[in-house]
Amino acid sequence: MMPFVHTTAAVYANVLLARQTYRLRLHCPELARAIRPGQFVMLRLPGHSDPLLGRPFALYDTVLDEEGQPIALDVVYLVVGKLTGLLAALQPGDRVAVWGPLGNGFPDFSALDHIALVAGGIGQTPFLAYVRALLGTRGYGGRPPRRMVRRVSLYYGVRTADLAAGAEDFRAAGAAVHLASDDGTLGFPGFVTQLLATHPPPQHLVGCGPEPMLRGLAQLAGRWGVPCHLSLETPMACGIGICFSCVTRVRTTNGWDYRRVCVEGPVFDAASLAWDT
Ligand SMILES: Cc1cc2nc3c(=O)[nH]c(=O)nc-3n(C[C@H](O)[C@H](O)[C@H](O)COP(=O)(O)OP(=O)(O)OC[C@H]3O[C@@H](n4cnc5c(N)ncnc54)[C@H](O)[C@@H]3O)c2cc1C
Ligand code: FES
């Protein structure tokens, strides 16, 4: 049974990575030991009633101590509203309520040749730990490292250059990084899915980002006949399966039904999503 941790964690660091984008490092060894790539945590500020509810953030990566034991976790967040606005003011030593690990996480593979991770907006955040797990340079959730894939590419699209956060982290982790920007100020001029379409198909696709991008990726995967998983960024209230505020539609034998993104997701087989029903 996966451990569930609800704690108040001290802030180690909160550093600016790109415009309005920060990396928050939280001291929470128990959670850092348990969490796996593709899972997420909920964050809330103790003593604040506005916002009242926690907000979901993907694991960016875990941080190891001198003995190689997970001691902290990083999340990377874009300031868009109430909580993220408050997070941006945090200083080392401040405290944040955090609970998790939540969600199903990304799929494992064995002996895959090439996987492409496709990110739009702030959708790159779940992929750093996944790159390390896929290449077998780091184990997560108490599992030993195991190489699952020979080659990992990250396709990462942003609206404009100064919103790109963490590309150097992905290169250092061993991914081949391909960048795109809507306004042409960084890398390929256009959508990340258009950039991806100029390359040969990989054996598997995994996407995270805004829904229009994910729909485009699912269509490209369908045309290529390549399996594809998508991590959804649906707004959430409880994060633990109780409130049903996060549902998405999936195909069933009877047509479609709802699934809770926080429990049955956030990662879904793209072919299972009932986008147009
Ligand atoms: C599984 C999962 C993982 C995620 N991982 C990450 C991650 O790693 N990093 C990350 O940055 N985000 C991530 N997100 C998204 C993140 O949860 C949201 O960005 C966050 O909840 C925003 O919280 P907030 O309180 O700052 O914004 P809120 O105040 O709740 O605002 C939310 C949205 O509403 C808009 N909004 C707010 N106020 C108004 C207004 N008055 N009028 C019109 N629009 C308004 C904002 O622009 C924003 O888009 C993830 C989401 C999910 C589901
Ligand atoms: S956020 Fe409450 S059920 Fe998913």
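## Around ligand 1

Let's start with the shell around ligand 1: its residues split into 14 nonpolar, 5 polar and 3 charged. Here Ala, Val, Leu, Ile, Met, Phe, Trp, Tyr, Cys and Pro count as nonpolar, Asp, Glu, Lys and Arg as charged, and the others, Gly among them, as polar. The model is predicted, so local features need pLDDT of at least 70 and side-chain atom pairs count only at pLDDT 80 or more, while totals for chains, interfaces and linings use all residues. Residues are numbered from 1 along each chain as its sequence is written, with chains lettered from A and ligands numbered from 1 in the order in which they are written.

In total, 22 residues surround the ligand (C-beta atom, placed from the backbone, within 6 Å of it). Arg-55, Gly-81, Leu-83, Thr-84 and Thr-125 are the closest. Strand S4 (55-58), S6 and helix H2 (82-87) each bring at least two residues to this shell; helices (H or I, at least four residues) and strands (E, at least two) are DSSP runs, numbered from the N terminus.

## The sheet

Seven strands make an open, antiparallel sheet, running S4-S3-S7-S1-S2-S6-S5 (strands pair if DSSP finds at least two bridges between them). S4 and S5 sit at the edges with a single partner strand each, so one side of each has no neighbour in the sheet.

S3 (residues 40-44) pairs with S7 (residues 95-102) in the antiparallel sense over 4 bridges. Which residue of S7 is the bridge partner of Arg-44? That's Ala-97.
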